[in-house]
Amino acid sequence: MGATRVTETLVLSLLLLLSGSSATQRKKTRAAPRMPCKQMVFYFHDILYNGENAKNATSAIVGAPAWGNRTILAGQNHFGNVVVFDDPITLDNNLLSIPVGRAQGFYLYDRKDYFTAWLGFSFFFNSTLHRGSITFAGADPLNKTRDISVIGGTGDFFMARGIATLMTDAGEGDVYFRLQVYIKLFECW
């Protein structure tokens, strides 16, 4: 019976020692900065329908607060507006460049007291460079630069995870804006 207890104590001690060393090893791994497995820069161009530009518009207000309408963004930081979009994606900041895909999704203005939006969209690629999609979601406080999450993908970007840094590259009132999207993927398959 005494030998059994000694054996149990040795096995338990060995297990504790092994689990402690792997936890220490995990902490060391987390502390090291991770390098992206893929980095890309794209631009997408959003032209909001304003009642007169139906031929060129790539986005439209589909929801508005009671005091608003669907051709002009509401006052008070556009609070309550919901916009859907199908924007061209280019490799440079020229709207007339050949598109490499489409940015499709929505943004909604979700704060009355501060100019901010929430985004949910995907980049759909069907070019010689890339095939598949990258999906993004997150809050956009509309600062000079801001980060949103890459939450998945298909094709060349199957199960991608990472960060996309957005920067407003140009704008013309509420009708046109261009975003530069710097994508850093940390999980590539």
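Asp86 is partly exposed, with a relative accessible area of 32% (buried means under 20%, exposed over 50%, and partly exposed in between, with a 1.4 Å probe and protein chains only). This residue belongs to a predicted model, in which local features need pLDDT of at least 70, side-chain atom pairs count only at pLDDT 80 or more, and totals for chains, interfaces and linings use all residues. Residues are numbered from 1 along each chain as its sequence is written, and side-chain values use heavy atoms, with hydrogens and water left out.

**Overall make-up**

- The protein has one helix and nine strands (DSSP runs numbered from the N terminus, helices being H or I of at least four residues and strands E of at least two).
- Read from the N terminus, the order of elements is α-β-β-β-β-β-β-β-β-β.
- The protein has 189 residues, and 34% of them count as buried.

**Salt bridges**

- Side chains of opposite charge can pair when their charged atoms come close.
- The count is four salt bridges (a side-chain nitrogen of Lys or Arg within 4 Å of a carboxyl oxygen of Asp or Glu).
- One of them joins Asp86 to Arg102, with the closest N and O atoms 3.0 Å apart.
- Asp86 is in strand 3 (residues 82-90) and Arg102 in strand 4, so this pair ties together parts that are 16 residues apart in sequence.
- Arg102 has 30% relative accessibility and therefore counts as partly exposed.
- Another salt bridge is formed by Arg146 and Asp140, where the closest N and O atoms are 2.6 Å apart; both Arg146 and Asp140 are buried.
- Asp169 and Arg178 also meet through their side chains in a salt bridge, at 2.6 Å from N to O.
- Asp169 counts as partly exposed because its relative accessibility is 26%, whereas Arg178, at 12%, counts as buried.

**Disulfide**

- A disulfide is a covalent bond between the sulfur atoms of two cysteines.
- The model has one disulfide (a pair of cysteine sulfur atoms within 2.5 Å).
- Cys37 and Cys188 form this disulfide, and their sulfur atoms are 1.9 Å apart.
- The pair links distant parts of the chain, 151 residues apart: Cys37 is in the loop between helix 1 (2-31) and strand 1 (38-47), and Cys188 is in the segment after strand 9 (176-187).
- The torsion about the S-S bond of Cys37 and Cys188 is about 80 degrees, so the disulfide is right-handed.
- Cys37 counts as partly exposed at 42% relative accessibility, and Cys188 counts as partly exposed at 39%.

**Largest pocket**

- Rolling a probe the size of a water molecule over the atoms shows where empty space is left.
- The largest pocket holds about 340 Å³ of space (on a 1 Å grid over the protein atoms alone, a pocket is an open set of points where a 1.4 Å probe fits, with protein on both sides within 12 Å along at least five of seven lines; lining residues have an atom within 4 Å of a point). Its volume is the space filled by probe spheres set on the points, which are joined across faces, edges and corners.
- The lining of the largest pocket has 23 residues, and those nearest its centre are Tyr109, Phe115, Leu142, Thr168 and Phe177.
- Strand 1, strand 4 (101-109), strand 5, strand 8 (161-172) and strand 9 are the elements that give two or more residues to this lining.

**Nonpolar surface patch**

- Val62, Val84, Phe106 and Trp118 make a nonpolar surface patch of about 300 Å² (patch residues have over 30% relative accessible area and no salt bridge, and nonpolar side chains, namely Val, Leu, Ile, Met, Phe, Trp and Tyr, are joined within 5 Å, like charges within 9 Å; areas come from the Shrake-Rupley method with a 1.4 Å probe, and for residues only the protein chains shown count as cover).
- Trp118 is in strand 5 (residues 117-126) and is partly exposed, with a relative accessible area of 33%.

**Loop residues**

- Leu142 has a positive phi of about 60 degrees although it is not a glycine.
- Leu142 lies in the loop between strand 6 (131-140) and strand 7 (145-155), and counts as partly exposed at 29% relative accessibility.
- His78, likewise not a glycine, has a positive phi of about 60 degrees.
- His78 is in the loop between strand 2 (59-63) and strand 3, and at 10% relative accessibility His78 counts as buried.
- Leu48 is in the loop between strand 1 and strand 2 and counts as buried at 4% relative accessibility.
- Leu48 and Ser59 are eleven residues apart in sequence, and their C-alpha atoms are 4.7 Å apart in space.
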